[in-house]
Amino acid sequence: MDAARAVRAVRPGGRSAGHTGSVHMRKPSPTRTRPDASRAHASAAPLRIAMLAPPWISVPAPGYGGVESVVSTLTEELVRGGHDVTLFCAPGSVSSAHVVTLLKRSHPDEIERSLYEVDHVAQAFDRIGSASGAERFDVIHDHCGFTGLAMANRIATPLVHTLHGPFTADTAAFYARHGHKAGLVGISRAQLVSAPATLGTIEPIPNPIDLSIWPLEERKGDYVLWIGRMTPEKGPQRAIAAARAVDVPLILAGVIQPGQQAFFEREVAPHIDGKRVRFVGEVTGAAKRSLFGHARGLLMPIRWDEPFGMVMIEALACGTPVIAFREGAAPDVIVDGLTGYLVDDERGMAEAIGKLERIAGRDCRAWVSRNCDVAVVAAAYERTYRTAALRSGSSGAAGV
Ligand code: UDP
């Protein structure tokens, strides 16, 4: 998902307020039923799960924020499934789980600043480690940078760590050193190709999507969509070149992160004319889903080892095919000719735009439903949690 979380994250609207150490329950959404312990998957008792989100952005993300969306979607499903989930997260978060915020405020402009990550994780570990009796946790699910994994052998509760970024020379060395301390989960096969061999086999569990909030839209507009972080590797400039080559309107949506304004001004802004190329800024909620749903196709002209790519499954869920460069996890998600097209460059992308109507929206959604539906993903994580708990011999409140 996001190697660039270090520089990611400026979002209009700034930071959310919160209270240090607050614990509260949100009222369940009216469209949701309360968790039902009898629904806990597999044969065993419900689990007590400490879900450790990053401290940077509230959960769910108010706008841009892939990891926070993943954490939110998975957490809601685990609660619906009857598990007892405590979500350690940034202030301003809203969840059906028990919400515990530890820092005074979120830190969207300081992503990966160790001061905040260490403080957040250490406070969470203090609470998890001191829980006793019925309060003990069976497992920690860590989505939070590097601190939790590096310190996982200092806490008795077993830890499952989701690898949200790609393996680079630096992170591969880190994982080679500390990976044995936790159960590791990847998010795509492409990502795991670069994992250090010493880690052994790591299974991917794809990122989840809640299809009930991403409806199939079969009435398409005339435009193609690019959405994401305005960075060279995500390729808004290449999306412009491809769409212009075949004179198809393009809508660009997303965030301009710190340090990326010059790129935007140089390579994107000069092409924005309000007609053939429109820029709508950061989008959220129903407006975002409508933009995805009504697009003829999503353009994904990436030039980096993107470990997953949430926007691809969001598009497919709406029945919007994806044209992606054959990089990163795109070949894991795009079935060429069924859910979109895999291409090598802007010229290939332009040609594929002309073939978008051959793809059936229902096939796109069916693929996501089979592979990334949150029920499928939560069941896979539940098995991982139980394996981690059994291996460590831990038995928390519910036991395994
Ligand atoms: N996103 C959003 N509003 C925007 C741009 C992006 O809500 O204007 C969301 C998008 O829907 C997706 C996430 O931000 O859920 C980006 O995740 P992805 O894995 O595609 O990219 P990365 O984490 O690498 O930036």
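Predicted model: local features only at pLDDT ≥ 70, side-chain atom pairs only at ≥ 80, totals over all residues.
Good morning. Two strands are said to pair if DSSP finds at least two bridges between them. Strand β8, residues 224-229, and strand β9, residues 250-255, run parallel and are joined by six bridges. One example is Gly-228, whose bridge partner in β9 is Gly-254.

Let us now turn to the whole sheet. It is open and has six strands, in the order β10-β9-β8-β11-β12-β13, with parallel pairing. Which strands stand at the edges? They are β10, residues 277-279, and β13, residues 340-343. Each has a single partner strand, and therefore one side of each is left without a neighbour in the sheet. From one strand to the next, the twist averages 20 degrees.

Next, I draw your attention to helix α6, residues 236-245. This helix packs on the sheet, where it touches β8, β9, β10 and β11. The direction of α6 makes about 175 degrees with that of β9.

Helix α6 also has a helical neighbour to consider. Its axis and that of helix α11, residues 346-353, come within 8 Å and cross at roughly 50 degrees. Angles of 65 to 115 degrees count as roughly perpendicular and those under 35 as roughly parallel, so α6 is oblique to α11. The crossing of these two helices is right-handed.

Which residues of α6 meet α11? They are Arg-238, Ala-241, Ala-242, Ala-243 and Ala-245, and they meet Glu-346, Met-349, Ala-350 and Ile-353 in α11. Sorted by class, this contact has seven nonpolar residues, two charged residues and no polar ones. Thank you for your attention.

Terms used
Residues numbered from 1 in each chain as written. Helix = DSSP H or I, 4+ residues; strand = E, 2+ residues; numbered from the N terminus. Axes fitted to C-alpha atoms, helices over the stretch in contact; angles between N-to-C directions. Contact = placed C-beta atoms within 7 Å. Parallel < 35°, antiparallel > 145°, perpendicular 65-115°, else oblique. Left-handed = near helix turned anticlockwise from the far one by under 90°. Nonpolar A, V, L, I, M, F, W, Y, C, P; charged D, E, K, R; others polar.
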